[in-house]
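Please open the structure in a viewer and keep the selection panel at hand. The stops below proceed from whole chains to individual elements.

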Amino acid sequence: MLPLGDLEKKVMEALWDSPDALTAIDLRDRLSGQKGSRELAQTTVLTVLSRLEDKGYVTRARDSRPHRYRPVTTRANFMAELMHDVLGAARDREAVLARFVGGVSEDDAAALRRILAGR
Amino acid sequence: MIGAAALLGLLAVALAWPVPVFLASASWPSRSPATALVLWQAIALAGALSMIGALLMFGLAPFGDNLVHGLQAFLGSLGDGTLPPGAHFIQLFALSAALLLGLHLALNLAATVYTAERSRRRHRELVALLSSPYPEQPRTRLLDYDAPVAYCLPGTVRSMTVLSAGLIQLLTPEQLRAVIEHERAHATQRHDLVLIAFRAWRAALPWFPVANLAGEAVATLVELLADDRARRVVSDRDLADAIRLVRDGLSAGDATIGASEFEAEGPASAVRIARLDGRVRPLEPWVSALVVAFASALLAVPTTLLLLPAL
């Protein structure tokens, strides 16, 4: 069986790819139909959906039975949020992640001139 | 004890202003980032220790002739509600200030760690949903994103390296390996712990120039350290080229995020390239040894002053 994290990703992808909100049964059928994946129990899909709902990635329409789930926002918007953490001017970024290039102040320009002058 | 309190106070002032200003303007740290990082940590620790220690020693002076006796007598006084002769309001004020300052620093550290962990958890979830595993590299994820981006997301239990499709397209396999080694060095050397401690210090003492200077200096130093670690397995040329390419690629801009809040070129990358091009000499070993000895002395002096019997 897939780790829960991978299943969450597959469920999200199925929801993003679908124009309409989906029920757990729809999702089970779509995921089970995928190449290389085993038969999924509907309870597993429901567990994954409730985890995703708790974390704020999907919502469900409460007026219909069975419940229909949809992503809170598009894949592109989630990607933008992610990239904002990485590339945006968030003040606490250095405490959160270490980027390969960037995130430095004016003072370093002066520091560089001194270093190169004093060699 | 008054003598020790006065010396600690002097040390606290020196470490809060002239020493960090002097160090921040020195040119040698990029020649030996590890040594400089040791010194910055010693300055921060010794500074906090002498600040709190000075207040504590001054406040406890009427209660006893050293820290332990003073504390015991003070707790006794709290119990029976009487003050020894020579104890004034000002001593109680100093003791309260010591207590509040200690709590303030500890709470800020806890809050900073908590906030960063929360941001990281959300970020890790998003990466898990939006990326795929990068083949043949453990704990490395690939984001389908055009801008050339690479970063390390540290964690208390697990850390991961995240690369973008744009980066893979931009770099040769050797340059890509240099980037991965650099990011992995951040994780294995636990740079996040140093950065978060200085971040907390900055949050706790925003009005002290020292905290800002130290925070910026330390952020640059860990980049240099990660470069040095990567250089053990990749060539200087590949790493320098990777830095140039990613910097220029990022400067080209990004449509997802507004240009105004987009921050690309960092002078730290220029320092890094200068080192990799061989334009910065490493520090002589005896100078490094001297600096480390100075850092140890910085820590030993306030500790001794605090523990010494009456001075």
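**A tour by selection**

Begin with chain B, which exposes about 14300 Å², with carbon and sulfur atoms supplying 67% of that area; accessible areas come from the Shrake-Rupley method with a 1.4 Å probe, and for residues only the protein chains shown count as cover. The model is predicted, so local features need pLDDT of at least 70 and side-chain atom pairs count only at pLDDT 80 or more, whereas totals for chains, interfaces and linings use all residues. Residues are numbered from 1 along each chain as its sequence is written, chains are lettered from A and ligands numbered from 1 in the order in which they are written, and side-chain values use heavy atoms, leaving out hydrogens and water.

Stay with chain B and colour by secondary structure: there are 12 helices and four strands. Helices (H or I, at least four residues) and strands (E, at least two) are DSSP runs, numbered from the N terminus. Of the 311 residues of chain B, 50% count as buried, that is, under 20% relative accessible area (1.4 Å probe, protein chains only).

Next, select chain A, which has six helices and four strands in the sequence pattern α-β-α-α-β-β-α-α-β-α. Of its 119 residues, 39% count as buried. Chain A exposes about 6500 Å², of which carbon and sulfur atoms supply 48%.

Within chain A, select residues 4-17 (helix H1) and 42-54 (helix H3). Their axes, lines fitted to C-alpha atoms over the stretch in contact, come within 10 Å and cross at roughly 80°; angles run from 0 to 180 degrees between N-to-C directions. H1(A) and H3(A) are therefore roughly perpendicular to each other (65 to 115 degrees). Show side chains at the contact (heavy atoms within 4.5 Å): H1(A) contributes Leu4(A), Leu7(A), Glu8(A), Val11(A), Met12(A) and Leu15(A), and H3(A) contributes Thr44(A), Val48(A), Leu49(A), Arg51(A) and Leu52(A).

Now display both chains. Which order do the five strands of the open sheet take? The order is S4(A)-S3(B)-S4(B)-S2(B)-S1(B), with mixed pairing; two strands pair if DSSP finds at least two bridges between them. The edge strands, each pairing on one side only, are S4 (98-99) of chain A and S1 (131-133) of chain B.

Zoom in on S1(B) and S2 (residues 140-143) of chain B, antiparallel strands joined by three bridges. Ser131(B) has Leu143(B) in S2(B) as its bridge partner.

Finally, select helix H5 (residues 89-130) of chain B, which lies across S1, S2, S3 and S4 (160-164) of chain B and runs at about 125° to S3(B).

How values were computed
Angles under 35 degrees count as roughly parallel, over 145 as roughly antiparallel, 65 to 115 as roughly perpendicular and the rest as oblique.
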